[in-house]
Amino acid sequence: MEEKQTRLFTAAHDLFLAQGFKHTSIAEIAEQAGVAVGTFYNFYQSKFDIFIQVYNAENEHAKGAILASVDLDVAPADLVKTIIQKIFAQSAHNQILQEWFSNPQLNALIAKANQNAVEDSLVYATLMQLIDRWQARGLLKSGLSKQRIISLFNALTVVDLHQSEIQTDDYYQLLNDLIAGILAFILK
């Protein structure tokens, strides 16, 4: 990243974290970065564009911290439940991450921008390792291929990408129910 682009990204991150998406303007981002508004458009097409990049970086950072803080060798059901709880807790206290749950327009834009990036995420890489560990420990039902198990977890990603379309007052509980069902299906 060029130095001005880095300053814009950092300013946007700080402002989105402090004020949220709605209350942050391109002019404020440019001012905090010490550049002209026109310079912003040399690097980003819109406030949505920079937000998606900031969101993705913040999301990967948060999930990395969460994965580093858990014991990956505990029982699979306990592990997945803990990770999901920590993701929701982290999101509740972070205005950038909270936009995923509270802003359907941003949710849709983030989902569209990331529709082909799931396999590049830290969570996906960790899931691949966990499936191998669970298989080596004899925790998985026989006859299930790794690809089938991954497909089940990928279905959760599809649900999450379209969570604004799901009519529920308790998305967290819905997600926990789906995960419990998947784990009951794949584990002995």
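**Entry 1: R7**

I began with R7, which counts as partly exposed because its relative accessibility is 29%. The term covers the range between buried (under 20% relative accessible area) and exposed (over 50%), with a 1.4 Å probe and protein chains only. The model is predicted, so I kept its limits in view: local features need pLDDT of at least 70, side-chain atom pairs count only at pLDDT 80 or more, and totals for chains, interfaces and linings use all residues. Side-chain values use heavy atoms, with hydrogens and water left out, and residues are numbered from 1 along each chain as its sequence is written.

I then looked up the partner of R7. R7 makes a salt bridge with E3, and the closest N and O atoms are 2.2 Å apart. The rule for a salt bridge is a side-chain nitrogen of Lys or Arg within 4 Å of a carboxyl oxygen of Asp or Glu. Both R7 and E3 belong to helix α1 (residues 3–19), where they are four residues apart, about one turn of the helix. Helices are DSSP runs of H or I with at least four residues, strands are runs of E with at least two, and the numbering starts from the N terminus.

**Entry 2: the other salt bridges**

How many salt bridges does the rule give? I get a count of three.

I took R133 and D73 next. Their side chains meet in a salt bridge at 3.0 Å, N to O. This pair links distant parts of the chain, 60 residues apart: R133 is in helix α8, and D73 is in the loop between α4 (47–68) and α5 (76–92). I read R133 as partly exposed, since its relative accessible area is 31%. D73 is also partly exposed, at 45%.

I then checked D132, which forms a salt bridge with K146; the closest N and O atoms are 2.9 Å apart. D132 lies in helix α8 and K146 in helix α9 (residues 146–161), so the pair ties together parts that are 14 residues apart in sequence. D132 counts as partly exposed at 41% relative accessibility, and K146 counts as partly exposed at 29%.

**Entry 3: two buried residues**

I looked up T126 in helix α8 (residues 122–136). T126 counts as buried because its relative accessibility is 8%. Which residues does T126 contact, leaving aside neighbours within four places in sequence? I found L67 and L72. Contact here means heavy atoms within 4.5 Å.

N107 sits in helix α7 (residues 104–113). With 1% relative accessibility, N107 counts as buried. Once neighbours within four places in sequence are set aside, I list W100, D160, L161, Q163 and S164 as contacts of N107.

**Entry 4: the whole chain**

I noted ten helices and zero strands in the chain. The C-alpha atoms fill a box of roughly 60 × 35 × 25 Å along the principal axes. Of the 188 residues, 40% are buried. Among contacts with a separation of 6 or more, 66% come from residues 24 or more positions apart.

Last, I looked at charge. The chain has 14 positive and 20 negative side chains, and the centres of the two sets lie 7 Å apart. Lys and Arg count as positive, Asp and Glu as negative, while His and the chain ends are not counted. The place of a charge is NZ of Lys, CZ of Arg, CG of Asp or CD of Glu.
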